[in-house]
Amino acid sequence: MKKIATMQDISCVGKCSLTVALPVMSAMGIETAVIPTAVLSTHTMFKGFTFCDLTDEIEGILNHWEKENFRFDAVYTGYLGSKRQIEIAKDLFARFAQKGIRLVDPCMADNGKLYAGFTPEFAKEMNSLCAIADIICPNLTEASFLLDIPYQEEYDEAYIKDVLVKLTDSGAKKAILTGISFEKDKLGAYAYDSEKDEFYYYCNDEESTHFHGTGDIWASTFIGALVRGKDFKEAIRIACDYVKECIRLTLAEENHNDYGVNFEQAFPYLLDRLNS
Ligand code: PXL
């Protein structure tokens, strides 16, 4: 069985970070090890969330893993909360992903703004983690903070290609910008492989509503598909299509919640795609 280790928080309610990464990658037939960075009552879009930092636990976890000689086919970092956690993530890559794929999803911003609690200095630190990744998958807001350039709501293909090249110039081998649209009612992911000097864009018809946590589902599905042997472009297509199916099923439920998608109901679709 393939193995992935993922480092991100547990938002107890919210359908993001570990409460989607673990079930999605497990459902894909991958043994999934977790490094929980913090426990929150909900994700940070709710008011009044509780927060318990677990950073002090992590070193002991990694030291034990080292003694047990654990290694992973991929190590994937998501939402991280501090500069110290970023340093630990670098250590995690060095010790446990010597032959594995290193994926950084630099969760910290959307719609032109940093999430609560993040600063431009943190984004700089995050860029230093992205520099040692094989693949990074920011949205355009996150990419703008990583590169310290103004966020542009309006853009064309040349601009997106330029951002992708700049992202890989910082060190990551491949960069994927999620949530990219050049046409009304279309949404997709634009990727750049700097080793092959090759761009790839894939999009779908856009669903009418945006939900929190879909970036985490996208990254978990993408790395799961890669580890299960799909090639880079097919992994991108599967991740985009699964997220779209999750949103479609959510909107089909009459009283659906508004904080996350019904990704559980779309597992049959995901497994069909994975096995075809
Ligand atoms: O989905 C990214 C994410 C993960 N974890 C927490 C968050 C968010 C986004 O807001 O608040 C705690």
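Predicted model: local features only at pLDDT ≥ 70, side-chain atom pairs only at ≥ 80, totals over all residues.
Glu-234 has a salt-bridge partner in Arg-237, with 2.8 Å between the closest N and O atoms. Arg-237 is partly exposed, at a relative accessible area of 25%. Why do Glu-234 and Arg-237 sit about one helical turn apart? Because they are three residues apart in helix α8.

Lys-244 is partly exposed, with 25% relative accessible area, whereas Glu-207 is buried at 17%.

## How α5 meets α6

Two packed helices are described by the angle between their axes and the distance between the axes. For α5 (residues 140-147) and α6 (residues 157-169), the axes come within 11 Å and cross at roughly 50°. That angle makes α5 oblique to α6. The crossing of these two helices is left-handed.

Which residues make the contact? On the α5 side they are Leu-140, Ala-143, Leu-146 and Leu-147. From α6 come Tyr-159, Ile-160, Val-163, Lys-166 and Leu-167. Sorted by type, the contact has eight nonpolar residues, one charged and no polar ones.

## Lys-166, in the contact and in a salt bridge

Lys-166 is part of the α6 side of that contact, and its side chain also meets that of Asp-162 in a salt bridge, at 2.6 Å from N to O. The two residues are four apart in helix α6, so about one helical turn separates them.

Buried or exposed, or something in between, for Asp-162? Asp-162 counts as partly exposed, with 36% relative accessibility. Lys-166 is partly exposed too, and its relative accessible area is 36%.

How many salt bridges does the structure hold? There are 17. Besides the pairs described above, a network of salt bridges links Glu-66, Arg-71, Asp-91 and Arg-95.

Methods. Residues numbered from 1 in each chain as written. Heavy atoms only, no water. Axes fitted to C-alpha atoms, helices over the stretch in contact; angles between N-to-C directions. Parallel < 35°, antiparallel > 145°, perpendicular 65-115°, else oblique. Left-handed = near helix turned anticlockwise from the far one by under 90°. Contact = heavy atoms within 4.5 Å. Nonpolar A, V, L, I, M, F, W, Y, C, P; charged D, E, K, R; others polar. Salt bridge = Lys/Arg side-chain N within 4 Å of Asp/Glu carboxyl O. Buried < 20%, exposed > 50% of the residue type's maximum accessible area, 1.4 Å probe, protein only.
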